[in-house]
Amino acid sequence: MKDKPAIVGAATAGVDALEDPTDYWGLAQVVSARAVKDAGMTFRDIDGVVFITSVWPPERVLTSAAYLAQTLGIKPAWAKMIPYGGTPISEHFMWASMAIQAGLATNVLCVASENLNSRLTRGGVVEVFAKTANNSEWEYPFGPLLPSNFGMIAQRHMHEYGTTSEQLATIAVSARKWAALNPEAGMRTPITVEDVTSSKMISSPMRMFDMSLVSDGAAAAVVTLPERAHDGPNVPVRVMGFGECVDSQNLMFNKYLTKMPGLRKATDQALAMSGLARDELDIVYPYDPATISVVVELENMGFCEPGEGGEFVSDGKIEPGGSFPINTHGGLLACAHPGPSASMIQMVEAIRQLRGECGDRQVPDAKTALCLGEGGFYAWQVNVLGRE
Amino acid sequence: MSGRKPVITSSAAQHFWDECAKGRYLLQQCTNCQTFRYPPGPICWNCASDGVEWVESPGRGTIFTFTTIGRAPSEEFKPYVPYTVALVDLDEGPRVMGNVIDCAPEDISIDARVEVAFEDVGDAVLPQFVLSGATAS
């Protein structure tokens, strides 16, 4: 573990804190300052920045890691941009680790920010994603929603394996239970399976409560050299391993929908690099824009057999106090889905869990976590984090 | 982007959509390995050959999966709700997206046989699907 880059600072902003700014750059700047302060550093200590593009113009055009570095007075900087969409959104720690290992930077600030809800509203987001996330030439004319992709996956999973809407609903119910323990979560009211299965049909069989929130929110973290892990005030969390693989960008070009050889490969790569086995992971963070995502991801990451995901998630093991805790902040389903910052919020939650800072939702003595990020439909990235 | 027009990005795509407007469903076939491809493009995904010819397809296939939409993504789709989006495996091989029209959503199922039917939506003629045996509008 001594040779692994260390995450020594972490922060969120605007996830549910009303006093935070709601403009795009304001959020990015505030969360950056918090993460650097949490690391016991100042911007002068930072010599690298990783940043992710925004969803929508003008920020989508103007966002750059160079601009953020300039805004924060970080110079000279190694500045790396991650595009949102098509590439997994959780690449920050991979790029930071590779830059550190290549000698390009020593203290890398990783930032993700978006104010989807303030800027576009839920209805606006639905329209924007229908016109941009789907292929504008071969999909858009037929009117799929972004949730239609999950509807088509779920329809197929139900057909092949007999998975039920009630099983999927237990994932949304569990997410709310975790969210109820997280003061930052956007949806903390408990719901029942029946609430989910009677909510508005969006794109069959996906109903409103099968789908993620639309949120504002930013998150950031500082990654440093392995030998500096203990220089700051926090328990260091190591970037143990990462893996990345693409199955497809649009589902019409995906052969199976329910089987993802690329996700299995990315998971195996990350675990091999970390030296950990699946049963040595204390918490797993699937990427959960929809309930069905959790099922197909757990199956294809190898935590249960193909087709068993529906049963696996519905016996209480993924809930608070269960034997297989997932998405302890409430996930995209109940904490926040601000587009490009969803994964960094998830990873900051993992860091807080490994530091033991999570209060009522703390997983006892959590030492290791696996985080999954997705881009487009089925571009995967897996991070394994751990502490001594 | 407004209406239901595709955003056409290549001359091959232009040809495909122009022929749709004339009621012809064309697929590209590789002249080297005979693999069909969709969307159209300059290179065969199977053998990397640039040899290609356009072949008129009867447009028959099988529903791989589908979803029925209860909440329109934008104004232009509101008149159609509820409507079904399907991924159809054509008999020639390619998987394509289309709406399954002229039937009740509850009559649609995975593995159902379908065939192409052209639908004029005002600003575009779309290659849609009807359940086999059903009558195209």
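**Domain and helix packing**

Domain 1 and domain 2 of chain B bury about 970 Å² between them, with 75% of it on carbon and sulfur atoms; buried area here is the accessible area (1.4 Å probe) that two parts lose on being put together, summed over both. On the domain 1 side of chain B, B:Y25, B:F36 and B:Y38 lose the most area to domain 2 of chain B, together 48% of what that side buries. This is a predicted model, in which local features need pLDDT of at least 70 and side-chain atom pairs count only at pLDDT 80 or more, while totals for chains, interfaces and linings use all residues. Residues are numbered from 1 along each chain as its sequence is written, chains are lettered from A in the order in which they are written, and side-chain values use heavy atoms, leaving out hydrogens and water.

As for the bounds, domain 1 of chain B covers 7-57 and domain 2 covers 59-137, as set by an automatic or database domain assignment. Their C-alpha centres sit 21 Å apart. Across the boundary, 12 residues of domain 1 of chain B touch 12 residues of domain 2 of chain B (contact means heavy atoms within 4.5 Å).

Over in chain A, helix 6 (residues 146-161) and helix 10 (residues 291-301) have axes that come within 9 Å and cross at roughly 60°. Helices are DSSP runs (H or I, at least four residues), numbered from the N terminus; axes are lines fitted to C-alpha atoms over the stretch in contact, with angles from 0 to 180 degrees between N-to-C directions. The contact is made by A:F150, A:I153, A:A154, A:H157 and A:Y161 of helix 6 of chain A and A:I292, A:S293, A:V295, A:V296 and A:E299 of helix 10 of chain A.

Note on methods
Helix = DSSP H or I, 4+ residues; strand = E, 2+ residues; numbered from the N terminus.
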